[in-house]
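Please look through the sequence and the three-dimensional model below before reading on. The paragraphs after it are meant for someone meeting this structure for the first time.

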Amino acid sequence: MADPLDDRDVAADALRRVTAAAGPYLDSLAGRKVHDAAAAGLTATLGGPLPERGLGTLPAVARLLEAGTAAATASSGPRFFHFVTGGATPAALAADWTASLLDQNSFARASSAFGNDVETIALDWLRELFGLPPGWGGALVASATFANFTSLGCATHWWGERQGADTVRDGLAGLPRMPVFSSGYVHASARKALQMLGHGRDTVRVCARDGAGRVDLAAMARGLDALGGAPAVIIANAGEVNAGDFDPLDDLAGLARDHGAWLHVDGAFGLFAALSPATSHLTRGIERADSVAADAHKWLNVPYESGFALIREPQRLGAAFGMPGAAYLPGPQDPGGGYGLYGPESSRRARALPIWATLAAYGRSGHRAMVERHAGLAQRLARAVDEAPDLERLAEVPLCIVCFRVRPPGVAEGDLDDLNRRVGAALLADGRVFAGTTVYDGRVALRPAIVNWRTTEADIDLLVDVVRELSATV
Ligand SMILES: *Cc1c(COP(=O)(O)O)cnc(C)c1O
């Protein structure tokens, strides 16, 4: 079989094979290991030299399904608590398949009016979901890293303009370094975005008043004062990754207003606190920001890759990311233009479809219920940690992350970091539940994050049991 044209009639059959494998795979998620070391070897069966003569569609798909359904990390299942990783709701998963079926180029209206217009609807629904004012716009991007990049790209454009410069045309040459302020909660991806934008990741001035990274507002105010009116950027963190804590957004918005600074909020997962009256105080003030970055592949539970940037002045997107000057392409303001000219990517899949589908299927109340359930599960985990004589909680639990360590009676403080590192490694090797370690306020800790729609109380209880079991054996 040498040519897909010879195989054109089997496409629907190939998709049926995927569907046939999907049922058992999805059914297995509740019980299977997150990572099964025994199955990992199957990946190698996909290797070997590049085939000269292809297998044909159906055998190739069959081999991929066989290896993939066994060797894949079950991160869409209920017990992957590592990083901050959501699953895919049934509607989002089906819509993601639809995006591949339709294979739109959501570059612009000229390439896919459908992809473009669904993106407009999805972005507006997201804006409404998080209570941001009408008039804001945005773009769907691959991740929160790219959402930070997009937002800070707009901030860069604004900052240049304040100094009479056009950074889009001329770059940063001849300008002073762009001052950026944040708390110790600033995420590595915001630094990476600044690095990609040419500011350098160390342009961030961290104003922290303690080892956990809580913001030092007075120090930030002094730093802004010292600029003597020169424009600056403040990055506020709505949900930091170690304990899920928040910078005080209203206070940072006040500083931004007083100093004429651009306020960017990294709310990759924390933005979803706005969905519940029990946690919405954490995002109070976010409507005063200039840009907000977040992920739909985290707490909205749509498949990867799904980030979004929301911008108070949406026309900045086209100014910062348009590509004028290619005769065969539309410009950002042309009727045939679109989101590929409002963000870092040009050709892009119709990633609006899963977002539209999950919001259409479950609505505001369904997603609120999910956020509230996860916040409740985090409290359940915190209680279990507090009750266990060999576990120690290290931080408050404002949202969906529980930061704790194992601390068996009789183990010296000086040995606890090493012990917790070994427990973290043992947890990943064991594979029944997944959680990673971090360093919180100088101490090695576990920091499970609960944002997957499938997670139940039993999964949380198993996490506690497995951590305690392994800590006794490492
Ligand atoms: C996950 C995360 C990011 C980066 O998101 P990606 O989608 O992995 O690029 C940025 N900021 C915060 C606070 C995060 O939790």
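What follows begins with the ligand and then turns to some backbone details and a side chain.

The model is predicted, so that local features need pLDDT of at least 70 and side-chain atom pairs count only at pLDDT 80 or more, while totals for chains, interfaces and linings use all residues. Residues are numbered from 1 along each chain as its sequence is written, and side-chain values use heavy atoms, with hydrogens and water left out.

The ligand is surrounded by 13 residues, of which the closest are Thr145, Asp266, Asp295, His297 and Lys298; a residue counts here if one of its heavy atoms lies within 4 Å of the ligand. Sorted by class, this shell holds four nonpolar, six polar and three charged residues, where Ala, Val, Leu, Ile, Met, Phe, Trp, Tyr, Cys and Pro count as nonpolar, Asp, Glu, Lys and Arg as charged, and the others, Gly among them, as polar. Ligand oxygen atoms also come within reach of side-chain N or O atoms, at 2.5 Å for Thr145, at 2.9 Å for Lys298 and at 3.4 Å for Ser143. Each is a polar contact, a term for a pair of N or O atoms within 3.5 Å. On its own the ligand has 380 Å² of accessible area, and the protein covers 83% of it, as given by the Shrake-Rupley method with a 1.4 Å probe.

The peptide bond from Tyr304 to Glu305 is cis, with omega near -5°, and Glu305 belongs to the loop between β6 (291-295) and β7 (307-311). Asp103, in the loop between α3 (90-102) and α4 (113-129), is not a glycine and yet has a positive phi, near 45°. Asp441, placed in the loop between β10 (437-440) and β11 (443-446), likewise has a positive phi, of about 50°, although it is not a glycine.

Are these residues buried (under 20% relative accessible area), exposed (over 50%) or partly exposed (in between), with a 1.4 Å probe and protein chains only? Asp103 is exposed at 61%, and Asp441 is partly exposed at 38%. Asn452, from the loop between β11 and α13 (457-471), is buried at 2%, and a polar atom of the Asn452 side chain lies 3.2 Å from the backbone oxygen of Ser76.

Notes
Helix = DSSP H or I, 4+ residues; strand = E, 2+ residues; numbered from the N terminus. Polar contact = N/O pair within 3.5 Å; in protein donor to acceptor, adjacent residues only side chain to side chain.
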